[in-house]
Amino acid sequence: MPWLLRRSVLVCIFLLGAVGLGDAAPVENEQPDAAVVPLLELAAIPEAAMPVARAVTTSRAATSIRFPYVPQSEYLPTHTNYWEGRDGASIDYVVIHYTDISYARTLRAFNTLASDVSSHYVIRGDGHIAQIVHEADTAWHSGNVWYNRHSIGIELELDRVTNPVFTAAEYYAAAALVCAISARQGVSLDRYHVIGHNQVPGTTHTDPGPTWDWPHFMWLTSLCAPPTSASVHASFVSETPYPDISANGAALVSVVLRNTGSTAWRKGTPQEARLGIPGNSSSVAFLSDGWPTPERPAVQQEDIVPPGGTATFSFRVKGTLSGTFVVPLRGVVDGGAWMDDLGMYTVVTVR
């Protein structure tokens, strides 16, 4: 039996609707950048009513809110606290903040020139998203001119009275928003490019703080991460012994792949990982009995395969013609869209 080199590259697709409005055409504004003033200093701004505090839910097992979360968005632009355009800078980072005051007071602060502060988005405790600055423009959120030019800022409502803890809705809305930003701007979904305000060089801020659950948040982003060459990868783990069957005999074949990317494989969605024969080739039709085809692929057995996890793909073969047959495998998504060659083979011997 010949020895065959195996390598695997699996591609999957997830479509996430854009959040907020499209980017505005960049126009340079010469207003100087100022250090970000802590929003707590603006707490004296009056507010007519305070909503009841909400309880926190960060467990991955929570089922009260379906994910991928579809957040409602509202465009509430600031007319003062931003620069038009980015001075030619690329968007490479997403910076996570918390407000330290209520959602309503935050919006007022972002429209008060004296505050010298804004962000692209604000997420309320119930998951509602307000877009304050176009992604093509520069918000004043990090206290660092270079990072302001190269990043998108997201503020999460965290206030002692209106929203004292991060809620499940905030996690889900923020993850869905970051996934959409990644799809639009090409920002990598990893902790080198999705950072806290405390990670910006030169900052004195500590947000989002120790109560922000980074592992949980990044796990959520993996559930909606758009497929890119940087986020979608797989490696071969194992395969059952090559089938050696009699004529008209049958055997079960199982292949295990590891998800080495940053995008989860989710059964029953367009992110579902599948294996099949390229082109539904008639040259292997004699194998019959369950061999994967574009119309009948071998689907991952697990509901969710997070980055680092493994997926098992099983299918039956039945021999009707004697001989030894080397058959390539490929990844397929969305009911028959063939992707790049896996570079992996299996061998069936029919005696």
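This is a predicted model: local features need pLDDT of at least 70, side-chain atom pairs count only at pLDDT 80 or more; totals for chains, interfaces and linings use all residues.
User: Hi! Let's start with strand S3: how many bridges join S3 to strand S7, and do they run parallel or antiparallel?

Analyst: Hello! Six bridges link S3 to S7, which covers residues 151–156, and the two strands run parallel. As one example, Val95 has Gly153 of S7 as its bridge partner.

User: Which residue stands opposite Val94 in S8?

Analyst: That is Val194. S3 and strand S8 (residues 194–196) are joined by three bridges and run parallel.

User: Nice. Is S3 mostly covered or mostly exposed?

Analyst: Mostly covered: S3 spans residues 93–98, and five of its six residues are buried.

User: What about helix H1, how many of its residues are buried?

Analyst: Six of the eight residues in H1 (residues 103–110) are buried, so the helix is largely enclosed by the rest of the structure. The buried ones are Tyr103, Arg105, Thr106, Leu107, Ala109 and Phe110.

User: And which strands do the buried residues of H1 pack against?

Analyst: They pack against strand S1 (73–75), strand S4 (121–123), strand S5 (129–131) and S7.

User: Let's talk cores. Which residues touch the most other members in the largest nonpolar core?

Analyst: Ile123, Ile154, Trp212 and Phe217 do, in a core of 34 residues. S3, S4, S7, H3 and H4 each give this core at least two residues. H3 supplies the largest share, with ten residues.

User: What is Ile123 in contact with, leaving aside its neighbours within four places in sequence?

Analyst: The list is His128, Ile129, Ile154, Glu155, Leu156, Glu157, Glu170, Ala173, Ala174 and Leu177. There is also a second, separate core of 22 residues, with Ala234, Trp265, Ala298 and Phe313 among its members.

User: Switching topic: how many disulfides does the structure hold?

Analyst: The structure holds one. Cys179 and Cys224 form the disulfide, and their sulfur atoms lie 2.1 Å apart. The link of Cys179 and Cys224 is right-handed, with 80° about the S-S bond.

User: Where do Cys179 and Cys224 lie?

Analyst: Cys179 is in helix H3 (residues 168–185) and Cys224 is in helix H4 (residues 214–224), so the pair ties together parts that are 45 residues apart in sequence.

User: Are Cys179 and Cys224 buried or exposed?

Analyst: Both Cys179 and Cys224 are buried.

User: Now the sheet with S9, S11 and S16: in what order do the strands come?

Analyst: The order is S9-S11-S16, an open sheet of three strands with antiparallel pairing. Strand S9 (234–239) and strand S16 (310–318) are at the edges and have a single partner strand each, so one side of each is left without a neighbour in the sheet. On average, neighbouring strands of this sheet are turned by 25° against each other, direction ignored.

User: How many bridges join S11 to S16?

Analyst: Nine bridges join S11 (residues 250–259) to S16, and these two run antiparallel. Val256, for instance, is partnered with Thr312 of S16.

User: Last bit, the whole chain. How many helices and strands are there?

Analyst: The protein chain has four helices and 18 strands. It has 351 residues, and buried residues make up 50% of them.

Conventions
Residues are numbered from 1 along each chain as its sequence is written. Side-chain values use heavy atoms; hydrogens and water are left out. Two strands pair if DSSP finds at least two bridges between them. Axes are lines fitted to C-alpha atoms, for helices over the stretch in contact, and angles run from 0 to 180 degrees between N-to-C directions. A disulfide is a pair of cysteine sulfur atoms within 2.5 Å. Buried means under 20% relative accessible area, exposed over 50%, partly exposed in between (1.4 Å probe, protein chains only). Contact means heavy atoms within 4.5 Å. A nonpolar core is a set of buried Ala, Val, Leu, Ile, Met, Phe, Trp, Tyr and Cys residues joined through side-chain atoms within 4.5 Å.
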